[in-house]
Amino acid sequence: MRLIPFVLAIVMAAPVAAQHANSAAGHDMGGPQETGQSAFAALAEIVTILQADPETDWERVDIDGLRRHLVDMDLLTQEAVVARTLRPEGARFEIRGTPRVLEAIRAMVPAHAPFLAAETGWDVVTEDLKDGVALSVDGDAAQIQGLGFFGLMTIGAHHQEHHLMMAKGAGPHH
């Protein structure tokens with residue numbers, strides 16, 4: 001399984017990658033900053049970090065694996081269909097999609113659950129469904145319900161490090 005996530009990490013990566021690219025090339029900040037769309041920017045940021053690290057083991061680097069993960073993140077964010085059931089203690093989300101989107105859902109949602117629980121202290125449980133995955137989250141009901149499924153998937157500052165570890169060939173989990 002590959003760990004998710006998430007939109008916030010990718011959105012934040014674009015300007016950071018652009019700044020690294022510009023400062024590495026000696027450009028002033030008056031020129032273009034954006035390296036491309038968000039997945040491309042996330043890849044550019046990781047490549048810049050890998051190139052700057054003399055300890056990078058280039059035989060283990062897996063940029064294609066990171067790209068597949070970023071595609072999964074995009075599919076989950078853009079194409080998954082979520083049914084939400086509100087409960088007094090939180091919410092239950094049933095996440096479904098086309099066969100390719102379902103692959104992304106099954107790779108990302110169960111993998112993210114322990115990070116969400118660790119970050120928040122909430123009770124987080126996943127359940128494999130025939131045609132999707134259920135995510136039940138109990139804790140601060142107002143916050144859980146306000147964030148909804150996609151907001152919950154962004155919680156945790158592990159995404160950027162996870163992407164770097166994937167690119168270094170360290171496997172999908174850290």
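Author: Let's start with a working term: buried means under 20% relative accessible area, exposed over 50% and partly exposed in between, using a 1.4 Å probe and protein chains only. This is a predicted model, in which local features need pLDDT of at least 70 and side-chain atom pairs count only at pLDDT 80 or more, while totals for chains, interfaces and linings use all residues. Residues are numbered from 1 along each chain as its sequence is written, and side-chain values use heavy atoms, leaving out hydrogens and water.

Reader: Which residues of helix 2 are buried?

Author: Helices here are DSSP runs of H or I with at least four residues, strands are E runs of at least two, and both are numbered from the N terminus. In helix 2, the buried residues are Ala 41, Ala 42, Leu 43, Ala 44, Glu 45, Ile 46 and Leu 50. Across the protein, 40% of the 174 residues are buried.

Reader: What is the order of the elements from the N terminus on?

Author: The protein has six helices and four strands, running α-α-α-β-β-α-β-β-α-α.

Reader: What span should helix 2 have at 1.5 Å a residue?

Author: The expected span is 1.5 Å times one less than the number of residues. Helix 2 (residues 38–52) has 15 residues, so it should span 21 Å, and its end C-alpha atoms do lie 21 Å apart. Helix 3 (residues 63–79), with 17 residues, reaches 23 Å, close to the expected 24 Å. Buried residues of helix 3 include Leu 66, Leu 70, Met 73 and Leu 76.

Reader: At what angle do helix 3 and helix 4 pack?

Author: Axes are lines fitted to C-alpha atoms, for helices over the stretch in contact, with angles from 0 to 180 degrees between N-to-C directions. Helix 3 and helix 4 (residues 99–120) meet at about 110°, their axes 9 Å apart. The two helices are therefore roughly perpendicular (65 to 115 degrees). Contact means heavy atoms within 4.5 Å; among the residues making it are Val 71, Met 73 and Glu 79 of helix 3, and Arg 100, Ala 104 and Met 108 of helix 4.

Reader: Is Ser 136 buried or exposed?

Author: Ser 136 is buried, at a relative accessible area of 14%. Ser 136 sits in strand 4 (residues 132–138). Beyond its neighbours within four places in sequence, Ser 136 contacts Arg 87, Ala 91, Arg 92, Asp 123, Val 124 and Val 125.

Reader: And for the protein, how many contacts join residues at least 24 apart?

Author: Of the contacts between residues at least 6 apart in sequence, 67% join residues at least 24 apart.

Technical notes
Parallel < 35°, antiparallel > 145°, perpendicular 65-115°, else oblique.
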